[in-house]
Amino acid sequence: MAELLFFSGTMDCGKSTLALQMDHNHKARGRRGVLFSSHDRAGESMISSRLGLQVPAVEVFPDTDFWVELTVRQTMGARIDYVICDEAQFYTVDQIDQLARVVDEMDIDVFGFGITSDFRTRLFPGSQRLIELADRVQVLQVEALCWCGKRATHNARTVDGVMVVEGDQMVVGDVDQPLDPDAGMPVGAEGPAAGPGTSGEGHGPVVGYETLCRRHHMRRQTARTSPSLYSNEVPLPFEPKQRESGRI
């Protein structure tokens, strides 16, 4: 019997990597599937992992109808055993209902992968509906980490490194911004978020994303704004050992 499964987690916990691995495993056993994604970091019609893997996929738009998409493919003679839906948090509530119908009436397994809540700690509509309808919800075991080293449980949006809790639910930004230890600033902030979300001459502020533990999300302490991040780099106030005369 087919199932609707939802694999959830924060950013940077390996959701897309698992989606591609699952697709590989099913194909290796002779099963055939269709991959869908929306607003992937690599661009339209793609599922990509931060490990460097990427596979073509069908782009999901607000007017995409999964029932129609799969019915047309089957009418054309395609065999479909499973469907992989990456970035499922961006799907509409109606689209999640369509996926549930695909499972129940077409007997096709649907594997959804997505972030549960946004930078305001509010559920994405697509993720909320998946939690309500899925046969199983699994939290990914690969833990994203907060800058303090604890497990990250929340996604934070930053503007020029400062956490914000207001704004549109979806804004393009960069989650791969290591810090410059000397300046306390994101390195390569002008990278993947090219355009309105970048800084520099003639550009607006840098929009970025960071995973935080609950404590630091509630305190709005990011890697850049935390006063304790580089405390272990401050030299201890020890005086150089003085040499005694006549001794080495």
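This is a predicted model: local features need pLDDT of at least 70, side-chain atom pairs count only at pLDDT 80 or more; totals for chains, interfaces and linings use all residues.

User: OK, what is the average pLDDT of the chain?

Analyst: The chain averages 79. A score of at least 70 is reached by 74% of the residues.

User: Which elements have the highest and the lowest mean pLDDT?

Analyst: Helix H3, residues 93-106, has the highest, at 98. Strand E12, residues 185-186, has the lowest, at 34. Over residues 176-202 the pLDDT is below 50. That stretch still has 50 contacts in the model beyond near neighbours in sequence.

User: And what about residues 230-234?

Analyst: There, too, pLDDT stays under 50. The model gives residues 230-234 five contacts beyond four places in sequence.

User: New topic, the sheet. What is the order of the three strands?

Analyst: The order is E10-E9-E13, in an open sheet with antiparallel pairing. The edge strands are E10 (162-164) and E13 (207-212), and each pairs on one side only. Neighbouring strands are turned by 45° against each other on average, ignoring direction.

User: How many bridges link E9 and E13?

Analyst: Six, in the antiparallel sense. E9 covers residues 154-159. His154 stands opposite Leu212 in E13.

User: What holds paired strands together in general?

Analyst: Strands of a sheet pair through backbone hydrogen bonds.

User: Now salt bridges. How many are there?

Analyst: The count comes to nine. One of them joins Arg79 and Asp81, with the closest N and O atoms 2.9 Å apart.

User: Which residue does Glu105 pair with?

Analyst: Glu105 forms a salt bridge with Arg101, and their closest N and O atoms are 3.4 Å apart.

User: Where do they sit along the helix?

Analyst: They are four residues apart in helix H3, so about one helical turn separates Glu105 and Arg101. Glu105 is exposed, with a relative accessible area of 54%. Arg101 is partly exposed, at 38%.

User: What about Arg129?

Analyst: Arg129 forms a salt bridge with Glu132, with the closest N and O atoms 2.9 Å apart. Both lie in helix H4 (residues 125-133), three residues apart. Arg129 is partly exposed at 23% relative accessibility, and Glu132 is partly exposed at 46%.

Terms used: Residues are numbered from 1 along each chain as its sequence is written. Side-chain values use heavy atoms; hydrogens and water are left out. Two strands pair if DSSP finds at least two bridges between them. Helices (H or I, at least four residues) and strands (E, at least two) are DSSP runs, numbered from the N terminus. Axes are lines fitted to C-alpha atoms, for helices over the stretch in contact, and angles run from 0 to 180 degrees between N-to-C directions. pLDDT is the predictor's confidence in each residue, from 0 to 100. Contact means heavy atoms within 4.5 Å. A salt bridge is a side-chain nitrogen of Lys or Arg within 4 Å of a carboxyl oxygen of Asp or Glu. Buried means under 20% relative accessible area, exposed over 50%, partly exposed in between (1.4 Å probe, protein chains only).
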